[in-house]
Amino acid sequence: MAKAAVSLRQRDILDLASMEPSEYELILKTAEEMKKLINRDIKKAPTLRGKAIVNLFFEASTRTRTSFELAGKYLGADVINISTSTSSVTKGESLRDTLLTVEAMGVDAIVMRHPAEGAAHYASQIVKPVIINAGDGAHAHPTQGLLDLFTIKQYKGRFEGLKVAIVGDVLHSRVARTNISALNKLGADVHVAGPSTLMPREVEQLGVTVHHRVEEALEGADVVDVLRIQLERQKKGLFPTPREYARIFGVNAARLALAKEDVLLMHPGPMNRGLEISPDVAYGDRSAITEEVQNGVAVRMAILFLVLMGGKPLEAID
Amino acid sequence: MKLLIKGGRLVDPSQNLDAARDILIEDGLVAAVGETLTADADTQVVDATGLVVAPGLVDLHVHLREPGQEAKEDIVTGTKAAVAGGFTTIVPMANTRPIVDSAIIVSGLKERISREALAEVMLVGSVTKGLNGEELSEMGDMAEHGAVAFSDDGRFVENSRLFRSALEYASMFNKPIISHAEDPTLAGDGYMHEGAVSARLGIPGIPAVAEDIAVARDVLLAENTGAHLHVAHVSTKGAVEIIRQAKKRGVKVTAEAAVHHLTLTDEAVSGFSTATKVAPPLRSSEHVQALREGLKDGTLNAIITDHAPHAFEEKDVEFRYAPNGFCGLETALGVILTELYHTGEFSLSEIIGKMSVEPAHIFSLKAGSLKVGMPGNVVLIDLNKEWTVKKENFYTRGKATPYEGKHCRGQAVMTIVRGNVRMKDGEVCVGKQN
């Protein structure tokens, strides 16, 4: 595993492809401390008191938005949520003007979820507050990637040489893209599996082994990451029926048995039980799906702490 | 009023000339070409020592946006950009508001152009009324009033029977049909080239085969009708090969490639700059290479800019929501000389051929040649002038360019339209001169 960096190189958290393994490690190490705080009776720390964070969400989200909100609040920051259905965006305001308005109110960080790829990069060029990408289209979701890394590290203690199988709709998945780039940097052996219609053309150039039989990907896997299947993809003609998807690509007990005995099963949520994942494995003893949610809060606390305290590690602050 | 261009290196492939020649322009026309011409008292003399003298550049594919979208561009700003870049003849597409789909609009535009334009502007009419893809426009009437070709640029005419009718009908007037070849169902909701870069960025991809399949249909219909098909902004390896084979069979097909498709790849999209969003999209290097080969072997007849200016507020949005296109008239020559000439890949005659002589020839325009009797449309080029693309120096209203900050070698230093100096050392000269 890489040695933790002393600080983050860039102010903004836009994607994991532009970050180094030593920066991932700094965030993961900080998150371990944060996770202890979450499990205390009194969760509140004053570390980010006086800092203001805006969750600017242009797409519906419960898990990520709540996770960021609690992460900020546990550290004592003021957190405001703006969602587009109730904002000036519905009056036709441009993203630039929305960002300038939020900036002018004196916020320190903007957590942004947006349906368009590159929106967080664009935002980072416009305003001074730190931009944390909470998902931009099918491009990147760096905090989800980091919480997945945190979970893998927690259970496996390493990344080097692990066989990681990412199963499902890779084409539309920012989680898949994020994890592929990060896990490759960390020396894992990344496999993807799913219908060819849900694989990006030339995906192998991202450094993955592609399978169209899910069994091949699961064979001997250390980690299985199952992606959500959105039902509207079926209407676009990308797969025939949910029934056929579940039969051929769904991760169930029989298929999971092909993986290593101590396989780690992950899913970024929300799950379609009985479609991409069967309930018995989702709630089974190999599953870390709810653990991921708690890790998500810890990782986001670590990120907010690092970006708002100038990228310095915890012990340097006190 | 007479204008004598003295001491330059005349590169005019229409006369197989690459030699020291003087050119005399009188009453807007080339009056003499000779080794040493002398000026009389009322002749203005331009010293072209050390410069290339060539027929003014011809761009078969621009958007002037007037009428209706003057926040993006208009006849004045668009033709200023043209002469600033060395272009003396430009051909704007019909997708204005209203659409150029009737003779009265052609006549009205021509009248305005005659008063306001700094360069020569030849008009294209639409193939279908209002670009609706359903009924033919009055192409005969528009042709009689000066339209030089017909195009539903920006849209593919999906109805194959209607497109066949358009080809047959336009051929009665000896006018080409320009096809914007992209199967919209294959392009789907994509907005960049489908390949390794789109796989990485998560941006929905437009497969190259969406263009190939449309070009194949259009070429087959040209073969079936014997009409002249001109394929706009060819961007794929497959399309180049389909056109190459069609030409071998004697199909009356011509084609153009855009400066950006010849010089940029989809890697340019990596930073999500809306100045790299264009239709057809920037493609991968194998396509760029195939376009250059097509240009070299004659499959592609013309280099065009597809100058497509947009207002600041339209391009200042998330990549997904930005309109396609960017300006190109003021960067084209510098970029092409830098990337295709100074690299040794193309000769100067080939470049003047593709940017002036051949485009004028395939659209039967009175341009692209400095033979005696032709319009006095001339560009003077300093082949070694070093300069950097800066959008604040543009005359066009649509400043977005994928070449911002690019270091170029070679630039137009004077543009002469009908014997009038319209640009000198980068400055556009407005007003009647003679």
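A polar contact is a pair of N or O atoms within 3.5 Å; within protein, one must be able to donate a hydrogen and the other to accept it, and residues adjacent in sequence count only if both atoms are side-chain atoms. In this predicted model, 7 residue pairs, both at pLDDT 80 or more, are in polar contact between domain 1 of chain B and domain 2 of chain B.

On the side of domain 1 of chain B that touches domain 2 of chain B, four strands of chain B each supply at least two residues: β1 (2–12), β17 (378–388), β18 (407–417) and β19 (420–424). The most comes from β18(B), with 8 residues. The classes of residue on that side of domain 1 of chain B are listed below.

| Class | Side of domain 1 of chain B that touches domain 2 of chain B |
|---|---|
| Nonpolar | 14 residues |
| Polar | 6 residues |

B:Arg418 forms a salt bridge with B:Glu120, and the closest N and O atoms are 3.2 Å apart.

As to the division itself, domain 1 of chain B comprises 2–53 + 375–386 + 408–428, and domain 2 comprises 56–362. Their C-alpha centres are 29 Å apart. Contact involves 26 residues of domain 1 of chain B and 25 residues of domain 2 of chain B. About 1900 Å² is buried between these domains, with carbon and sulfur atoms giving 70% of that area. Of the area that domain 1 of chain B buries against domain 2 of chain B, 24% is supplied by B:Leu383, B:Arg409 and B:Val428, more than by any other three residues.

Definitions and conventions
Residues numbered from 1 in each chain as written. Chains lettered and ligands numbered in written order. Heavy atoms only, no water. Domains from an automatic or database assignment. Contact = heavy atoms within 4.5 Å. Buried area = accessible area lost by both parts, 1.4 Å probe. Salt bridge = Lys/Arg side-chain N within 4 Å of Asp/Glu carboxyl O. Nonpolar A, V, L, I, M, F, W, Y, C, P; charged D, E, K, R; others polar.
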